[in-house]
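Welcome! Take a moment with the sequence and the 3D view, and then let us walk through a few questions together.

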Amino acid sequence: VVVGDKVTLTTPPNKVTAFGRVPTRRTYTVAYIFQMGWFQYDNAFVFLPLDDAQGLLNRRGRVDGIEVAVENPDSLQRYDYGIAGHIDETSISVTKRLVPGTSISNWKDQNGNFLNALDAERASMFVILTLIILVAALNIISGLIMLVKEKGQNIGIMRTFGMTRGAVLRVFFICGSSIGVVGTILGVIAGLLFIAYIHEIQTFLEWMLGISLWPADVRGLSTIPTQLVWSDVYATVAVALSLSLLATWYPARRAARLDPVEALRYE
C-alpha cells in the first residue's frame, strides 16, 4: 500500500437492519504512511479523521478514549492526578473528576510487563559486562604474574644496583595499568563506532549471510534500537579502569617484594 491507494475497511457486524446486524464497509484513500518502528503498533493501527471513524464504527457523537501527550512522560503521577481530579495539598486527597465507568491509565500501566522485562535485561546485561571486564582483569593479573616470574633475574639485578621497591612497583604498575587504559580507550572507540554504524553493519551482515538478523515479527521492532547514554559510557569506563588498576596492584606489589638474594640464588 502506498500513498494514493484505495483501502476498504470492513468492521464486525455493528449496524442493525431488518436482516439483522451487518458490517460496515467503506473505502478510503491513503493519505500518509505512518511508521513508528514498533511492529505490533505499525501493523495494528489505522488513523482516520474522527468523524469518519465514528461513522465507520456506528458511534456518532461518542469516543472510546482520549489520549493525552505530555512533555515529560516519566513524571506521570501528577498528570494522572491532574486529569482524574484535584489534589488537596492539606489532606493529600484527590477529588474525582471522571464520570463513573471511566478510568485512566498511562503508558507505564499498559506496558508494565514489557518495562519490567527491560529493567531485568538492563540489570543482567550490566552484571554480564562486569563479569567480562573481570575476566579481562584476571588475564592482566595472570599475565603480569608470569612477567614477574620471567623477569625475576632482572628484578634481582636491578635491586642489587640500588633500585628501590617503590621504583619496581611503579614499573610493573605502569605496565599493567597501561594495558587497562589502552584497552578501555580502544573498547570505547569501538563501541561508539558500532553504535553509530549499527544499521549499516546489520545491512552488510544480512546481505553477506543472506538471512534476516532482526526479524520484525519476532523482535517486535523493525530496526535495532540504539541510544547513546553517556552516563552508561562513563560508568563502564570507571568500572574497567578500576578493575584494571586493582588487577595490576597485586603483581606489581609481588614484584616489588621480590628478594634479590632469592632471585639470584641459582644464577
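Helices here are DSSP runs of H or I with at least four residues, numbered from the N terminus. Keep in mind that this is a predicted model.

Q: Where is the place of Y197?
A: Helix α7 covers residues 165-196, and α8 covers 198-209.

Q: Is Y197 buried, partly exposed or exposed?
A: Buried means under 20% relative accessible area and exposed means over 50%. Y197 has a value of 48%, so the residue is partly exposed.

Q: Which helix gives the most to the nonpolar patch?
A: The patch has an area of about 1000 Å² and includes V181, I185, Y197, W230 and Y234. The top contributor, with six residues, is α7.

Q: Which residue forms a salt bridge with D64?
A: The structure holds two salt bridges, and D64 takes part in one of them. D64 is exposed, with a relative accessible area of 66%. The closest N and O atoms of this pair are 2.6 Å apart, and the partner is R59.

Q: How many residues apart are D232 and R122?
A: The side chains of D232 and R122 meet in a salt bridge, at 3.2 Å from N to O. This pair links distant parts of the chain, with D232 in helix α10 (residues 230-256) and R122 in helix α5 (residues 112-150).

Q: Which is exposed and which is partly exposed, D232 or R122?
A: The cut-off for exposed is over 50% relative accessible area. D232 has 32%, so this residue counts as partly exposed. With 54%, the exposed residue is R122.

Q: What volume does the second largest pocket have?
A: Rolling a probe the size of a water molecule over the atoms shows where empty space is left. The second largest pocket is lined by 19 residues, and V30, Y32, F45, V46 and F47 lie nearest its centre. Elements that give two or more residues to this lining are β1 (6-10), β4 (25-29) and α1 (39-42). The pocket's volume is about 590 Å³.

Q: How many residues in the lining of the second largest pocket are nonpolar?
A: The lining of this pocket has 19 residues. Three of them are polar and one is charged. The number of nonpolar residues is 15.

Definitions and conventions: Residues are numbered from 1 along each chain as its sequence is written. This is a predicted model: local features need pLDDT of at least 70, side-chain atom pairs count only at pLDDT 80 or more; totals for chains, interfaces and linings use all residues. Side-chain values use heavy atoms; hydrogens and water are left out. On a 1 Å grid over the protein atoms alone, a cavity is a set of points where a 1.4 Å probe fits but cannot get out, and a pocket is an open set with protein on both sides within 12 Å along at least five of seven lines; lining residues have an atom within 4 Å of a point. Grid points are joined across faces, edges and corners, and a volume is the space filled by probe spheres set on the points. Ala, Val, Leu, Ile, Met, Phe, Trp, Tyr, Cys and Pro count as nonpolar, Asp, Glu, Lys and Arg as charged, and the others, Gly among them, as polar. A salt bridge is a side-chain nitrogen of Lys or Arg within 4 Å of a carboxyl oxygen of Asp or Glu. Buried means under 20% relative accessible area, exposed over 50%, partly exposed in between (1.4 Å probe, protein chains only). Patches are made of residues with over 30% relative accessible area and no salt bridge: like charges are joined within 9 Å, nonpolar side chains (Val, Leu, Ile, Met, Phe, Trp, Tyr) within 5 Å. Accessible areas come from the Shrake-Rupley method with a 1.4 Å probe; for residues, only the protein chains shown count as cover.
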